[in-house]
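Biologist: Before I plan anything, please take me through the side-chain contacts in this model.

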Amino acid sequence: MLYTTHPSPLGELLLAGPEPRALASVTVPGQKGGATVRPDWRRDDTAFAAAAEQFDAYFAGELKEFDLRLATSGSDFRERVWAALDEIPYGATVTYGRLAAMAGVDPRAVRAVGGAVGANPLTVVHPCHRVIGANGSLTGYAGGLDRKRRLLTLEGALL
């Protein structure tokens, strides 16, 4: 696994993937369930240069949708939910129930959908910060609610 780090307003991002330009993980410091560098990982500060450029543009308010080669390895269910996350427009939010419908999952499976959202290995790229509670509340975010609030404010979804 290759990795690098990149500064961001959310803290130092850990970017990792099995080969150059194939992103499998984006983690913020202290992220619940987030990746950590392992002894067999190799640092390569050029491997994810395109991703770093896109993160800079996103945090500058100049990019609304990432265009990266992804290398996630979740179950079929999780991959469906993560793909549905990508359909949530920049500046918008959806509930877990709506996300379930977008993923083609029974709306009663919102807890399983929430589990898949919480296991999202590509924070910000798969925009799980755009998922909110049924009552409109900012519910859990593996990177912390302050970061979720910051991302939604950046995108104009919160004032």
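Predicted model: local features only at pLDDT ≥ 70, side-chain atom pairs only at ≥ 80, totals over all residues.

Modeller: Residues are numbered from 1 along each chain as its sequence is written, and side-chain values use heavy atoms, with hydrogens and water left out.

Biologist: How many aromatic pairs does the structure hold?

Modeller: Rings of Phe, Tyr and Trp (its six-membered ring) pair if their centres lie within 6.5 Å; planes under 30 degrees apart are stacked, over 60 edge-to-face, and the rest tilted. By that rule, the number of aromatic pairs in the structure is six.

Biologist: What kind of aromatic pair do Tyr3 and Trp41 form?

Modeller: The ring centres of Tyr3 and Trp41 are 6.2 Å apart. Their planes make an angle of 45 degrees, and the pair is tilted.

Biologist: How many residues apart are Tyr3 and Trp41?

Modeller: Strands are DSSP runs of E of at least two residues and helices are runs of H or I of at least four, numbered from the N terminus. Tyr3 sits in strand E1 (residues 2–6), and Trp41 in the loop between strand E4 (25–27) and strand E5 (42–43). The pair links distant parts of the chain, 38 residues apart.

Biologist: Are Tyr58 and Phe59 buried or exposed?

Modeller: Tyr58 and Phe59 form an edge-to-face pair, 5.1 Å centre to centre with 75 degrees between the planes. Buried means under 20% relative accessible area, exposed over 50%, and partly exposed in between (1.4 Å probe, protein chains only). Both Tyr58 and Phe59 are buried.

Biologist: Which residue meets Glu19 in a salt bridge?

Modeller: A salt bridge is a side-chain nitrogen of Lys or Arg within 4 Å of a carboxyl oxygen of Asp or Glu. For Glu19 the N to O distance is 2.5 Å, and the partner is Arg69.

Biologist: Why does the pair of Glu19 and Arg69 tie together parts that are 50 residues apart in sequence?

Modeller: Glu19 is partly exposed at 39% relative accessible area, and Arg69 is partly exposed at 43%. The pair ties those parts together because Glu19 lies in the loop between strand E2 (13–17) and strand E3 (22–23), and Arg69 in strand E6 (residues 69–70).

Biologist: Asp146 and Arg149 are in which helix?

Modeller: Asp146 forms a salt bridge with Arg149, the closest N and O atoms being 3.1 Å apart. The two are three residues apart, about one helical turn, in helix H5 (residues 145–154).
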